Amino acid sequence: MQIKQQVDKLSDHEARSLLLQMLLRTEMLHSGNYPEEDYMTSMNDIYQAVLTFDKAIPPLQGGNIHIVFSDSSAGSLKQAIEKLNISDRVITIPINFSIGPLWQLHQIEGLEKRKDWLFEHINLEDEFIFDYIPRIEESWMKLQALPEQCKIFIWGCENAHEQTGIAYAVYLLREKNNQIYIGLDQEHQQSLTRQDILHTGELAPEQWMEYIKNVENYLLLSIDERQKWIELWVTLAQSKDVFLRTWEEGRLTPVSENYLDEMIIAKARELQKGKEFMKSARLIGEVIGHLDQPIGDLFIEYRLRTLAFLGVFELKGVPRAMRFYSVRLSLKDA
């Protein structure tokens, strides 16, 4: 029977992970927090994932493994690998760790709660929301399928998003015996690019090529260092009410959601001409351009809408996406 043959191909860890996903979804169904239609869809997704397990995620043969935390980083890194004509592979964990809840994000229940938060607060395309959990689950399965002989390089600059991502990735790899290296510390970054890089998404393929050529110079995590990253993630995964993180003085710092509100208002005062409305995208772009953190325009847009609901801004248009509406400070705040 095909399904039995496919289950036999799963490792013990993969089988336990799938069983846990099914039980958590069933528990949520019984508690009334999971529509029956969504439950049936998720069960079918798991069924299809098992049927196509070895086809969808072929075993990785040879080369190093590179882990990044955005599609932009992965795209440039893959181009660099192709130009170098090497057999390295890239795994993307598509999560913006600087925003949103991190609670139990290594489990399906945590992913579901994060997805709900994104759906309620961030203007995202329907396709993104639909694919969100399957893409992350795919990254989990790829990490578990890594052969023990490959070296793993986790890439992240000094920012809240990627430093949190490193902790998350090391936690997911906690049962692996592979050598794990960490890049990109500021010293190596400046020596190779001659400039400060806020996040790896800013790197061009040519810059990635230089990093890959020098991978042996990066930090090889000892057992104790791996444990510190794991403990950091365990701590982060316990918080339920932190939705914004920054990197300040070399440390990951939780801050209030309204942390950037004053900057948004100040930039609006600079840009607004009299009583004229300005495109929301322009204001958001100005704020992003003056940030030293890769927080992302969608979170800034969420705060702009929140300030409008509080009466600080007036809107013209439909705020379903930043390109569809304009804003101005209300007369009392202008």
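This is a predicted model: local features need pLDDT of at least 70, side-chain atom pairs count only at pLDDT 80 or more; totals for chains, interfaces and linings use all residues.
In strand β7, the residue bridged to Arg245 is Pro254. Residues are numbered from 1 along each chain as its sequence is written, and side-chain values use heavy atoms, leaving out hydrogens and water.

**The hairpin**

Let's stay with those strands. Strand β6 (residues 244–248) runs antiparallel to strand β7 (residues 251–255), and five bridges join them. Two strands count as paired if DSSP finds at least two bridges between them. Helices (H or I, at least four residues) and strands (E, at least two) are DSSP runs, numbered from the N terminus. β6 and β7 form a hairpin with two residues between them, and Glu249 sits in the turn.

Most residues other than glycine have a negative phi.

**A three-stranded sheet**

An open sheet has the strand order β8-β10-β9, with antiparallel pairing. β8 (278–279) and β9 (313–317) are at the edges with a single partner strand each, so one side of each has no neighbour in the sheet. β8 is joined to strand β10 (residues 325–329) by two bridges, and Lys279 is opposite Ser326 in β10.

**Two crossing helices**

How do helix α12 and helix α14 cross? The axes of α12 (residues 261–271) and α14 (residues 297–309) come within 10 Å and cross at roughly 80°. Axes are lines fitted to C-alpha atoms, for helices over the stretch in contact, with angles from 0 to 180 degrees between N-to-C directions. The two helices are therefore roughly perpendicular, a label for angles of 65 to 115 degrees. Asp261, Ile264 and Ile265 of α12 make the contact with Ile300, Arg303, Leu304 and Leu307 of α14, where contact means heavy atoms within 4.5 Å.

**The whole chain**

Altogether the chain has 14 helices and ten strands. Of its 334 residues, 49% are buried. Among contacts with a separation of 6 or more, 68% are between residues 24 or more positions apart.

Methods: Buried means under 20% relative accessible area, exposed over 50%, partly exposed in between (1.4 Å probe, protein chains only). Angles under 35 degrees count as roughly parallel, over 145 as roughly antiparallel, 65 to 115 as roughly perpendicular and the rest as oblique.
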